[in-house]
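Colleague: I am new to this structure and would like to go through it with you. Could you put it on the screen?

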Amino acid sequence: RTGGEEDPAIVSAVDSTNPETFVNVLERAQELNDPRGIMLTGWQAFNRMMGGGIRRGECILTSALQHNFKTGSSLSLFWHLAFFNKPWMIDEKKKPMMVRISFEDPLELNIPFLYRNIYENLTLEKADLSLPASAMAEYVIKNMSRNGYHIRMLHVNPSEWTYLDLLDYTNALEAQGFEVHVLMCDYLNMLPKTGLDSTGPTGANIRELFRRVRNHYSARRTTFITPHQLST
């Protein structure tokens with residue numbers, strides 16, 4: 001880089017010769033506690049536990065043993081965040097988006113679960129999964145997009161990606177004019193640890209994976225959520 005170029009690693013800075021930089025930091029501090037930036041879930045006790053809800057830029061790790069509804073609870077949370085919240089834009093020129101990437105279950109399992117979960121919670125009646133696929137798809141899209149969010153869901157083979165591919169994917173979305181409010185990965189730890197330190201103690205490369213992903217999305221005010229399987 002030349003002397004006039006910005007260093008992409010510097011997230012924020014203040015300079016006494018430029019009072020505006022201090023103003024910008026104070027404005028961002030006010031934004032952190034602005035109730036518009038707190039996203040509600042459909043679980044009232046969960047909202048209380050989180051101090052009112054989930055904030056933009058937080059990293060949330062939901063850990064549980066095997067077969068304890070980690071994927072189910074994260075899918076439920078995904079539609080809650082789109083259904084109960086109106087997008088609070090940092091950049092008004094962009095379009096709000098929520099992204100969920102599955103490194104395990106295919107979309108053929110996730111989408112019917114979403115339909116059943118949304119339908120049964122809103123109507124208190126049993127969902128009919130024999131309906132035409134187009135009708136179920138329309139119902140899911142209508143409810144998840146009702147506040148203006150663009151919804152993107154992917155099933156990715158984790159053997160073909162690294163954490164850098166994950167960062168590149170969402171960077172490309174930003175370049176396309178989207179502001180990613182929520183990124184959910186099921187599960188982040190399934191990504192290969194390529195490029196991460198594997199010489200430290202057991203689990204060091206896993207910690208480094210989570211640290212790098214958290215740092216990237218925290219700087220962009222993207223809430224990152226991922227389940228994590230605990231060992232017995």
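Colleague: Is helix H3 largely enclosed or open?

Modeller: This is a predicted model. In it, 13 of the 15 residues of H3 are buried, so the helix is largely enclosed by the rest of the structure.

Colleague: What length does H3 reach from its first C-alpha to its last?

Modeller: H3 reaches 21 Å, close to the 21 Å expected at 1.5 Å a residue.

Colleague: Turning to the rings, how many aromatic pairs are there?

Modeller: The count comes to eleven aromatic pairs. In one of them, Trp79 and Phe83 have ring centres 5.5 Å apart and planes at 75°; because an angle over 60 degrees counts as edge-to-face, the pair is given that name.

Colleague: How are Trp79 and Phe83 placed in H3?

Modeller: They are four residues apart in H3, which spans residues 70-84, so about one helical turn separates them. An α-helix has 3.6 residues a turn, so residues three or four places apart point the same way.

Colleague: Are those two buried or exposed?

Modeller: Trp79 and Phe83 are both buried. Ring pairs also link them with Phe84 into a cluster.

Colleague: Which residue lies over the face of Phe83?

Modeller: Arg146 does, at 3.5 Å from the ring centre. Elsewhere, Lys95 lies over the face of Phe178, at 4.4 Å from the ring centre.

Colleague: And the surface: which residues form a nonpolar patch there?

Modeller: Val14, Phe22 and Val25 do, with about 230 Å² of accessible area together. Phe22 is found in helix H1, residues 19-32, and is partly exposed, with a relative accessible area of 40%.

Definitions and conventions
Residues numbered from 1 in each chain as written. Predicted model: local features only at pLDDT ≥ 70, side-chain atom pairs only at ≥ 80, totals over all residues. Heavy atoms only, no water. Phe/Tyr/Trp six-rings, centres within 6.5 Å; stacked < 30°, edge-to-face > 60°. Helix = DSSP H or I, 4+ residues; strand = E, 2+ residues; numbered from the N terminus. Buried < 20%, exposed > 50% of the residue type's maximum accessible area, 1.4 Å probe, protein only. Lys NZ or Arg CZ within 6 Å of the ring centre and 35° of its normal. Expected span 1.5 Å × (residues − 1). Patch = residues over 30% accessible without salt bridge, like charges linked within 9 Å, V, L, I, M, F, W, Y side chains within 5 Å. Areas by Shrake-Rupley, 256 points an atom, 1.4 Å probe, with all protein chains shown as cover. Salt bridge = Lys/Arg side-chain N within 4 Å of Asp/Glu carboxyl O.
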